[in-house]
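Colleague: I would like to learn how to read a model like this one. Please take me through it feature by feature.

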Amino acid sequence: MDWLEEQPKFFMLGYGLLAFVIVVGGLLLLLDVVPAWFARRREAQLIAASASGAPLPRRPKQREGLFALFFLLPTLLLLAIGLVVPAIRTTLLSFMDAGSNDWVGLRNYGWMFSEDSIVRVLLNTLVWVLLVPLVATSFGLLYAVMVDKARFEAVAKSLIFLPMAISFVGASIIWKFVYAYRGDGQEQIGLLNQIVVSLGGEPEQWLLESPLNTLLLIVIMVWIQAGFAMVVLSAAIKAIPADIVEAARLDGVTPWQMFWQITMPSIRPALIVVVVTLSIATLKVFDIVRTATNGNYDTSVIANEMYNQAFRYGQNGQGSALAVFLFILVVPIVIYQIRNLRQQREG
């Protein structure tokens, strides 16, 4: 390695580390040291007032508001820079042409629903949103019920949750090997084709056959997210009061009745959280499609097509329109979750 040639890279690495230290140190200073200093000062004032018999000092409400604003300001600033401003800019770009020079009105949105390939993208996304939350939550609930109070519960849960530790890209690469295909007469390295051949069948190019390839990509997402669903639902099941379970058993309910009449109503809030979370994650899915098929063979979804239009084809207006449409799809789910959480607090 030529250190002189690599010197600029090391300088950039050093600058990055320095910036990281400054940012993290600043956040620690803001969120830990400063509040601790104010807390110690307030405590000293209260002790002094208590020792002297003077009335306890009260902080003016206006000062409390400024104090709260001081801590909220970084968050509001980051939200404005990272979310609000890009959202407004993307919305404006969705009404402009490919070069973001001229206004074209709703033409990009009309293109979205009239172009056959994009309609297929929207249908693929719908299939993802319908199947992934339903199937992943079902498997997660099945895992949670089966391993609850089992002998090796901790080990089983760790193994089921393990795919969550893998990135979407890594999981997609793993499953590409599972779906791998070699020509007829050659030794198959893909697990799925090897099973088919061992059963006397012919190997298939699984990721080239539509709509089967979309379903096979959905399997990857379910494999990853089922562990998340299991953890949340298992915690909800363990939170069911023991006296309710014991009373149901004394009444002679069957395991099936226990599941539908006790377990399901008790974990309903957790089920809603899991389904909503998985729905939002599925709407934004990009890595799996991008890594496994690059959106080819009728497997593309909104997030992948948005990237292609904006960064591969140079169609900023169409890519922005897809981004806005994706945002519109996510908003009702978020609003529903907020209302649901508020009702739970009030109840």
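**Reading the model**

Modeller: Gln188 has a relative accessibility of 6%, so Gln188 counts as buried. Keep in mind that this is a predicted model.

Colleague: Where is Gln188 placed, and which residues does Gln188 touch?

Modeller: Gln188 is in the loop between α6 and α7 (191–198). Leaving out residues up to four places away in sequence, Gln188 touches Ala180, Tyr181, Arg182, Gly183, Asn193, Gln194, Val197 and Pro203. With Arg182 there is also a polar approach: a polar atom of the Gln188 side chain lies 2.7 Å from the backbone oxygen of Arg182.

Colleague: How should I read a nonpolar core, and which residues of the largest one touch the most other members?

Modeller: The general idea is that in soluble globular proteins, nonpolar side chains tend to be buried together. Here the largest nonpolar core has 42 residues, and those touching the most other members are Trp128, Tyr179, Leu217, Ile220, Leu233, Ile267 and Ile288. Two or more residues come from each of α4, α6 (168–178), α8 (212–238), α9 (242–250), α10 (255–266), α11 (268–283) and α12. The most come from α8, which gives twelve residues.

Colleague: Take Trp128 as an example. What does Trp128 touch?

Modeller: Not counting residues up to four places away in sequence, Trp128 touches Pro133, Thr214, Leu217, Ile218, Met221, Thr282, Val285, Ile288, Val289 and Val301. A second, separate core has 18 residues, including Trp111, Ile280, Ile302 and Val324.

Colleague: Which residues of helix α13 are buried, and what do they pack against?

Modeller: In helix α13 (residues 302–312), the buried residues are Ile302, Ala303, Asn304, Glu305, Asn308, Gln309 and Ala310. They pack against α3 (107–114), α4 (116–147), α12 (287–292) and α14 (316–346). Just after α13 comes Gly314, with a positive phi of about 70°.

Colleague: Now charges. How many salt bridges does the structure hold?

Modeller: As a general idea, side chains of opposite charge can pair when their charged atoms come close. The structure holds one salt bridge. It joins the side chains of Asp298 and Arg120, at 4.0 Å from N to O. The two partners are 178 residues apart, with Asp298 in the loop between α12 and α13 and Arg120 in helix α4.

Colleague: Are Asp298 and Arg120 buried or partly exposed?

Modeller: Asp298 is partly exposed, because its relative accessibility is 40%. Arg120 has a relative accessible area of 28%, so Arg120 is partly exposed too.

Terms used. Residues numbered from 1 in each chain as written. Predicted model: local features only at pLDDT ≥ 70, side-chain atom pairs only at ≥ 80, totals over all residues. Heavy atoms only, no water. Buried < 20%, exposed > 50% of the residue type's maximum accessible area, 1.4 Å probe, protein only. Helix = DSSP H or I, 4+ residues; strand = E, 2+ residues; numbered from the N terminus. Contact = heavy atoms within 4.5 Å. Core = buried A, V, L, I, M, F, W, Y, C linked by side-chain atoms within 4.5 Å. Polar contact = N/O pair within 3.5 Å; in protein donor to acceptor, adjacent residues only side chain to side chain.
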